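Subject: A structure for you to look at

Hi,

Here is the structure I promised to pass on. Please open it next to this email, and then read on for what turned up.

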Amino acid sequence: MDAFTSFFDSQSQSASRSGWSYDSLKNFRQISPRVQTHLKQVYLTLCCALIASAVGAYLHIMWNIGGLLTTLACVGSMVWLLSIPPHEEQKRVALLMAAAVFEGASVGPLVDLAIEIDPSILISAFVGSAVAFGCFSAAAMLARRREYLYLGGLLSSGLSILMWLHFASSIFGGSAAIFKFELYFGLLVFVGYMVVDTQDMIEKAHLGDLDYVKHALTLFTDFVAVFVRILIIMLKNSNERTEKKKKRRD
């Protein structure tokens, strides 16, 4: 946890040293025009994937299709996409959209629950995820090249901790404290991945890797992971507030 805290401290210190202003937000001189064009393709593809994911969630709400099968179909589509050569662009984009639809259907039960409890929670969770994604992506672009890539090892360790905790909880049973730790620590890990994956994508593009479909897929998985955790946290907080109100009335 100290490593992640130092990351945010160093980020704020570097921002203050550079004198953030409106002009600094437009300073992408370290990113070549070719890489800037690549980033536009990546984020446009990402937006299309998010729309496809919203369609998948809507399909679940209409026909209750989300579940284990859609999750397996999503993973299968991603694996298939990564196994196809980059020159088969249309097929890879179609697979990315299919994976996004299946992912949206898989998250559909959680979205449906949020709509039943309070639709504003769903909107707030999406806006919060979008703001976090935009801010941390911009921070990664404006930072010095490779500045945050060293965090990849720490984040991988954090992800391993989450996987082992989830595995242990499924076997021995988990407590509310462990679930809460998994939720907030997982959110911290995937927010960190937003920064690392953005810088990694930029660095690969500088080295000639302009596979925008694969890069959009990486950012899409980061966005969905953050969105799901923010939504669960907001639903949990809403449920706790409702229970407190009921206790006061009683």
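Let me start with one term: a patch, as used here, is made of residues with over 30% relative accessible area and no salt bridge, where like charges are joined within 9 Å. Please also keep in mind that this is a predicted model.

With that term in hand, look for R241, K244, K245, K246, K247, R248 and R249, which together form a positive surface patch. Lys and Arg count as positive. Is R249 buried or exposed? R249 counts as exposed, because its relative accessibility is 71% and the cut-off for exposed is over 50%.

Now for the overall picture. The protein chain contains nine helices and zero strands, so its pattern along the sequence reads α-α-α-α-α-α-α-α-α. There are 250 residues in the protein chain, and 40% of them count as buried. The accessible surface is about 14000 Å², with 65% of it belonging to carbon and sulfur atoms. If you take the contacts with a separation of 6 or more, 86% of them are between residues 24 or more positions apart.

Next, the salt bridges. How many does a search of the whole structure find? The search finds four, and three of those are worth a visit here.

- D211 and R92 meet through their side chains, at 2.7 Å from N to O. This pair links distant parts of the chain, 119 residues apart: D211 is in the loop between helix 8 (176–206) and helix 9, while R92 is in helix 5 (residues 89–117). D211 counts as buried at 11% relative accessibility, and R92 is buried too, with a relative accessible area of 2%.

- K214 forms a salt bridge with D209, and their closest N and O atoms are 3.6 Å apart. K214 is partly exposed, at 27% relative accessibility, and D209 is partly exposed as well, at 23%.

- E240 pairs with K236, with 2.8 Å between the closest N and O atoms. Because they are four residues apart in helix 9, about one helical turn separates them. E240 is partly exposed, with a relative accessible area of 32%, and K236 is partly exposed at 26%.

Enjoy exploring, and do write back with any questions.

Best wishes

Conventions
Residues numbered from 1 in each chain as written. Predicted model: local features only at pLDDT ≥ 70, side-chain atom pairs only at ≥ 80, totals over all residues. Heavy atoms only, no water. Patch = residues over 30% accessible without salt bridge, like charges linked within 9 Å, V, L, I, M, F, W, Y side chains within 5 Å. Areas by Shrake-Rupley, 256 points an atom, 1.4 Å probe, with all protein chains shown as cover. Charge placed at Lys NZ, Arg CZ, Asp CG, Glu CD. Buried < 20%, exposed > 50% of the residue type's maximum accessible area, 1.4 Å probe, protein only. Helix = DSSP H or I, 4+ residues; strand = E, 2+ residues; numbered from the N terminus. Contact = heavy atoms within 4.5 Å.
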